[in-house]
Amino acid sequence: MLKKINCIINGEPKEIEVDVRESLLDMLRNRLHLTGTKQGCGVGECGACAVLIDGNTIDSCIYMAVWADGKNITTIEGISKPDGSLSDIQQNYVDKGAVQCGFCTPGFVISTTALLNKNDDPSRDEIRRGLSGNLCRCTGYQKILDAVETTVEQRRNSKK
Ligand code: FES
Ligand code: FES
């Protein structure tokens with residue numbers, strides 16, 4: 001059965017017809033071609049499919065597309081600056097070597113964005129906890145933590 005939903009995706013209002021059994025992840029990737037959001041485990045364990053819904057990190061593989069009706073959704077495609085350049089978080093992931101195969105990276109960047117929106121001065125342990133829903137098989141995590149800490153430092157210094 002198909003159902004029409006209305007939501008905001010990366011700042012743009014959208015009306016989309018979805019299957020009532022379809023996940024938000026499938027809607028984003030297959031109907032809207034927003035393929036930056038990745039499918040890893042498909043069961044809510046790895047965070048590769050993370051998106052922001054009304055500012056909170058949600059695993060889109062276990063969130064039904066119909067639940068997105070009326071919601072404000074940001075995918076990794078909506079994280080870069082308006083001119084298309086990388087956000088400070090994305091740039092620090094690159095600069096600190098926190099990206100290897102890159103499959104987990106969109107989800108990590110989404111979770112980091114949500115974390116720093118809620119807490120602009122997290123400790124290393126708070127960063128660990130904030131990113132605990134995201135798995136990476138390549139980086140060993142230290143460089144990811146370094147990238148987030150560097151972003152926090154840069155934002156703190158820019159306020160002085
Ligand atoms: S693909 Fe959604 S949590 Fe792993
Ligand atoms: S960079 Fe490969 S899974 Fe994280």
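1. Where does Asp54 lie? Asp54 sits in the loop that joins strand 3 to strand 4. Its phi is positive, about 50°, although Asp54 is not a glycine. Most residues other than glycine have a negative phi. Asp54 counts as exposed because it has 11 C-beta neighbours inside 10 Å, and a residue with 12 or fewer such neighbours is placed in that class. The model discussed in this note is a predicted one.

2. His33 also deserves a look at its backbone. Phi of His33 is near 60°, a positive value in a residue that is not glycine. His33 belongs to the loop between helix 1 (24-31) and strand 3. Is His33 buried or exposed? With 8 C-beta neighbours inside 10 Å, His33 counts as exposed.

3. The next point concerns the domains. The protein chain is divided into domain 1 (2-78) and domain 2 (88-158). The centres of domain 1 and domain 2, taken over C-alpha atoms, are separated by 22 Å. In the contact between the domains, 15 residues of domain 1 meet 13 residues of domain 2.

4. Which strands each supply at least two residues of the side of domain 1 that touches domain 2? They are strand 3 (50-53) and strand 4 (56-59). Strand 3 gives the largest share of that side, with three residues. By class, the side of domain 1 that touches domain 2 has seven nonpolar, seven polar and one charged residues.

5. Asn56 lies in strand 4. Asn56 is exposed, because 10 other C-beta atoms are within 10 Å. Between Asn56 and Ile73 there are 17 residues of separation in sequence, and their C-alpha atoms are 9.4 Å apart in space.

6. Helix 2 and helix 5 come next. The axes of helix 2 (residues 88-95) and helix 5 (residues 142-158) come within 8 Å and cross at roughly 130°. That angle makes helix 2 oblique to helix 5. The crossing of helix 2 past helix 5 is right-handed.

7. Which residues of helix 2 meet helix 5? On the helix 2 side they are Asp88, Ile89, Asn92 and Tyr93, and these meet Ala147, Thr150, Thr151 and Gln154 in helix 5. Sorted by class, the contact of helix 2 with helix 5 has three nonpolar, four polar and one charged residues.

8. Helix 2 packs with helix 3 (residues 105-118) as well, at an angle of about 130° and with the axes 10 Å apart. Helix 2 and helix 3 are therefore oblique to each other. Their crossing is right-handed. The contact is made by Ile89, Gln90 and Tyr93 of helix 2 together with Thr105, Val109, Thr112 and Thr113 of helix 3. By class, this contact of helix 2 with helix 3 has three nonpolar, four polar and no charged residues.

9. Cys101 lies in the loop between helix 2 and helix 3. Why is Cys101 exposed? Cys101 is exposed because it has 10 other C-beta atoms within 10 Å, where 12 or fewer is the cut-off for that class. The C-alpha atoms of Cys101 and Thr139 are separated by 8.9 Å, and the two residues are 38 residues apart along the chain.

10. How many other C-beta atoms does Leu116 have within 10 Å? There are 19, so Leu116 is partly exposed; a buried residue would need 20 or more. Not counting residues up to four places away in sequence, Leu116 touches Thr151 and Val152. Leu116 and Leu34 are 82 residues apart in sequence, and C-alpha to C-alpha they are 24 Å apart in space.

Notes
Residues are numbered from 1 along each chain as its sequence is written. Chains are lettered from A and ligands numbered from 1 in the order in which they are written. This is a predicted model: local features need pLDDT of at least 70, side-chain atom pairs count only at pLDDT 80 or more; totals for chains, interfaces and linings use all residues. Axes are lines fitted to C-alpha atoms, for helices over the stretch in contact, and angles run from 0 to 180 degrees between N-to-C directions. Helices (H or I, at least four residues) and strands (E, at least two) are DSSP runs, numbered from the N terminus. Angles under 35 degrees count as roughly parallel, over 145 as roughly antiparallel, 65 to 115 as roughly perpendicular and the rest as oblique. A crossing is left-handed if the near helix is turned anticlockwise from the far one by less than a right angle, and right-handed if clockwise. Two residues are in contact if their C-beta atoms, placed from the backbone, lie within 7 Å. Ala, Val, Leu, Ile, Met, Phe, Trp, Tyr, Cys and Pro count as nonpolar, Asp, Glu, Lys and Arg as charged, and the others, Gly among them, as polar. Domain bounds come from an automatic or database domain assignment.
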